[in-house]
Structure formats: structure tokens, C-alpha cells
Amino acid sequence: MAVRLPTLEQIEGLGADFGLVLTTDEIAAFQQAFKGPLTSYGRLDELVPPTLAPVAPRSPGYRPVASENPYGAWYWKTNIRTGAEGVLNGKKIAIKDNICVAGVPMMNGSALLEGYVPELDATVVTRILDAGGTIAGKAACEDLCFSGASHTCAGGVIRNPHNPAHSAGGSSGGSAALVASGEVPMALGGDQGGSIRTPSSWCGVYGLKPTWGLVPTTGSMPISYSVDHCGPMCASVEDVARLLTVIAGHDGWDTRTIAARTGDYMAALGNPAKGLRIGVLREGFGHPESDPAVNEKVQQTIAALGKAGIASEDVSVPWHLDGPHVWSGVILEGAAEMMLKGYGVGNNVQGYYPVSMQEALARGMGTRINDVSPTVKLVLMLGEYMHRYYHGRYHSKAQNLRLLLRRAYDDALQKFDALVMPTIPFTATPIPPPDAPLNTVIDVALNMQANTCSFDVSGHPAFTVPCGRVNGLPVGLMLVGRHFEEATLIRLARAIEAAGDWKSN
Ligand SMILES: NC(=O)c1ccccc1
């Protein structure tokens, strides 16, 4: 195939879009000047790139019927393993549906990708298979991962196993609901604003957003390069440590992981947390939407840790309240550029670009854009508005403010081994009815990330640990640590897990 030479009219139009005034002679000259570069594109069509070849042959599995999928948490069921032996022997793992598993359909919660079957395994999938794990299927998620509740998945709402009228949380809602309902002990999630921690907190499971750059996202659908994270969501702290051990570490395809510093997460399980110090983040408890009953559960857990020899003290980080504003500046234009206009791939960084995924999304955007969720429509328009009418200045400023936000937490973490706060200021919200007004659909999807999203921008590891219930719905306590000190968070999470029976109170 050859890339077609643009017509004179096309060149005139392209120039006009940038305010170029071109004479007829110039337009003809530029048409000639296109020829050299286009020769390269012709040759690119003939060359064969490397692929992330799957390590094991497999059957594609199947889409479960409703009776086999009571919470709508599975997108697809599989049974993939290689015969390799390792720390995941005998473990079933669900993979969030924004992560490619070769030969298995993938929608990323969106009509835009319906029908897509990737030919590649994400790096984390290969690592799981190499460690003896079994891929049990794809966990349903929110439309292009852009919602913190669980009502925007194109395949249908995802329900909270603790109360099916309530949200499982999002965007990794299927992952959390599958772990909470005992289908699998482990799942992979993704987090750009809270999407591992929100559903983990609301479903009562252990969810760790690792330090930015610890776990490669190669072969996954992104939202935006500078806030994308992948991490474990599990039924126990031990399973979090196990899965993190397998997925963490440098991957030559992902420049984010160049500085990845892994720890001994399995050893941390046996290393007592006694003597560690925690800072109770005042700003994390005082949002207008904070539920006093949720604050109370978190405070009770902190008191129980005190009895176990883990001292705590209040600490104030005023920047925490500006974190969500910095996050908005970064993610809205970031998502519009990379996820939407970049067709889920973007450009400008060295890395692996899943061409098939990009083409599938581009086709979907050309044919089914009206079938996306209201949250995706909002991001598309808002990101483009800020780019077109404010020429990217707010995104750039927010990227620079990231440094101050990170420093503010780093300063507090000089004195403390972890900061602690409620993961989400309130328990799982009711799923809005199908006929809910557009503004309700959007608000319910984007109203809970006050404590979570700052750490997607600052990059700190953040671990949500179940710590009680309010009206039968789980409450999560969030531990935030120094960059690449996940092992410390695992020690503290283990102490909380051991301190009480959170499931019955
Ligand atoms: N993907 C996310 O983490 C997310 C969370 C909340 C709102 C939007 C996005």
C-alpha cells in the first residue's frame, strides 16, 4: 500500500487550518515536497515490527450469561496458563479489561472497542503467566476507565456484592467485585484518579496503587501517560504482596519504569510494623462530603494500631486540597490528547504502540462516538476546549505544579512512614436509575476522588485497606508512602488486617 499524495485542495485546507496563506504556486510546490517523506511511509508499510507475542497458545474463552455473572463483573471468562511454576501457582487472576490478553476480546468498557481482539499480551499478563498464574478472565470496567462509580460500562452496570443496589466503584469495578464475591483472590486494576482504590474501598478488598513507574503499563489502554498506573486488587495483604512481586519492575518498553526500584514485598509480610509512625492527614477528613461515620471507622483503626505499637500524630498538608485541581488540569487535556485524539496510544514517547488497538479505537470513534458514556463525552469536549481556546496553558501549569504537590507530601513523609486518611469520604453510592438525568449520571461518576486523585499526580504509592462497615457497606483506610516504599505500606496493611475483624464491624 502507498500513502496517497494529498490533493492541492487538501494542502490548501491543511494550511488554512493553521492560518497559512499560500499562493497557487506554493501549494503546488508543497505537494512536490510531500513526496520525499511519503516515500518513507510507503516503505514502513513493507517492514515488519516486533510484537509482544503471547507466551502460550490458548482458547478464547466465552462471555458468561447473566446467571453466571450476578454482579456484571466479568466481561469475558478464560482459563489460560502456561505450565510455568512460580509464586502464583494455583492462583486465579482477573485482568481489568483495559489490559490486552492475546486472543481474548477486549472492550475497555466502551462501545468504541466492541469486537476488538488484541494479538498481544500486556507485559503484566506475560509476567503473571510466567509466574504460574491462571488468567481467569477479563474484568468489566468503566467506559474507557473514565468514572469512579460503576454505571458507565457499555456491557451493563457492575454491582457491589455487599449490596447490589450500590456501586462497586470504578473504574476497576469488575476487578473489585470479582475479588469481593470470591470468584478470584487476585485481580489487576488501573488507577488514574482512584480507579484501583475506589472500587477496592467500596467492595472491601485490598487495593494498591503502586508508585508511578513501578509497574509497566505496556500493552494497556491508557488515559494519560503521566497519571497511568497498574496495580493489584486482592482478598488479602499477602496476595497483594505476591502479585506486586510478579508485576513490579523495569520493562524496556515502558520509559516510566526506567527508575523503578522494587522491594522485597514477601519479606515485608513477616516484618512487624511496630515502631513505624503514621501521620493522620487532617485535610483528608474534612471534606464537605465527608461522612462522620466513615471518619470514625478510620480513627478507630488508627487507635487500634496505636495499641499495636504504631504511633500516630495529626499532620496538615494544605496542598492536599489543591491536589484535585492540579489533577483536573493534568488529566482532562492529557486524556483528550492520548486516549481520544491519540486513539488510545498517543505519541512522543519511546515505547510499545499497540497498532491494532489504535486502529480499533479509531474505527469505533468514526462509527460509534455517540454510544460512549456521558463522562467520556465530557472529557472529549472539555479537554479539547481547554486545548483549543486556552492553547494548553493550564495543562502545562498543572504539570509544573505537580512538583509542589509532591514536595508537600514528601515533607510530611520525612517525619512519618505513611500518611493515613479515608480512601473515599463516604461509602458506595446507589447506582443511578437508567433514566437518571445526564448531570446526575456525570456527578455520581465523578464525585468521590477528593482523597485519591492527588496521589496519581504526585506518584506516591497508596494502599486502601478494609477497616470496617457503615450500614453494611465497607470502609477503606488509605495508607500513602514514600516513592517506591510499597514494602512499608504492606507492613502497615498487614498490621491493620491483623488488628481486628473488619468484616463484622
Ligand atoms: N481512571 C480513574 O482513575 C478515574 C477515577 C475517577 C474519575 C475519572 C477517572
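Mentor: Let us begin with burial: a residue is called buried under 20% relative accessible area, exposed over 50%, and partly exposed in between, using a 1.4 Å probe and protein chains only. This is a predicted model, in which local features need pLDDT of at least 70 and side-chain atom pairs count only at pLDDT 80 or more, while totals for chains, interfaces and linings use all residues. Residues are numbered from 1 along each chain as its sequence is written, and side-chain values use heavy atoms, with hydrogens and water left out.

Trainee: Is Thr427 buried or exposed?

Mentor: Thr427 counts as buried, because its relative accessibility is 13%. As for its place, helices (H or I, at least four residues) and strands (E, at least two) are DSSP runs, numbered from the N terminus. Thr427 sits in the loop between strand E11 (418–422) and helix H13 (438–445).

Trainee: Which residues does Thr427 touch, not counting residues up to four places away in sequence?

Mentor: Contact means heavy atoms within 4.5 Å. With that sequence limit, Thr427 touches Trp202, Val294, Val470, Leu473, Pro474 and Val475.

Trainee: Where is Met357 found, and what is it in contact with?

Mentor: Met357 belongs to helix H10 (residues 355–368) and counts as buried, at 0% relative accessibility. Leaving aside neighbours within four places in sequence, Met357 is in contact with residues including Cys100, Met106, Leu113, Tyr116 and Tyr343. Met357 and Pro288, by contrast, are 41 Å apart in space, C-alpha to C-alpha, and 69 residues apart in sequence.

Trainee: How are two packed helices described?

Mentor: They are described by the angle between their axes and the distance between the axes. The axes are lines fitted to C-alpha atoms, for helices over the stretch in contact, and angles run from 0 to 180 degrees between N-to-C directions. Angles under 35 degrees count as roughly parallel, over 145 as roughly antiparallel, 65 to 115 as roughly perpendicular and the rest as oblique.

Trainee: At what angle do H3 and H6 pack?

Mentor: Helix H3 (residues 123–130) and helix H6 (residues 237–247) pack at about 115 degrees, and their axes are 8 Å apart. H3 and H6 are therefore roughly perpendicular to each other. Handedness is read as follows: a crossing is left-handed if the near helix is turned anticlockwise from the far one by less than a right angle, and right-handed if clockwise. The crossing of H3 and H6 is right-handed. Val124, Arg127 and Ile128 of H3 make the contact with Leu243, Val246 and Ile247 of H6. For residue classes, Ala, Val, Leu, Ile, Met, Phe, Trp, Tyr, Cys and Pro count as nonpolar, Asp, Glu, Lys and Arg as charged, and the others, Gly among them, as polar. The contact of H3 with H6 has five nonpolar residues, no polar and one charged.

Trainee: How do H6 and H15 pack?

Mentor: The angle between H6 and helix H15 (residues 486–499) is about 160 degrees, with their axes 9 Å apart. H6 and H15 are therefore roughly antiparallel to each other, and H6 passes H15 in a left-handed crossing. Here Val237, Glu238, Ala241 and Leu244 of H6 meet Glu486, Ile490, Ala493, Arg494 and Glu497 of H15. That contact divides into five nonpolar residues, no polar and four charged. Nine of the eleven residues of H6 are buried, so H6 is largely enclosed by the rest of the structure.

Trainee: What should I look for in the backbone?

Mentor: Most residues other than glycine have a negative phi, and most peptide bonds are trans. Asn108 has a positive phi of about 50 degrees although it is not a glycine, and Asn108 is buried, with a relative accessible area of 0%. Asn471 also has a positive phi, of about 50 degrees, but Asn471 is exposed, at 79%. Asn471 lies in the loop between strand E12 (462–470) and strand E13 (473–480). A cis peptide bond, with omega about 5 degrees, joins Gly170 and Ser171.

Trainee: How many disulfides are there?

Mentor: A disulfide is a pair of cysteine sulfur atoms within 2.5 Å. By this rule there are zero disulfides. Cys145 is in none, the nearest cysteine sulfur being that of Cys141, 4.4 Å away. Cys145 is buried, with a relative accessible area of 3%.
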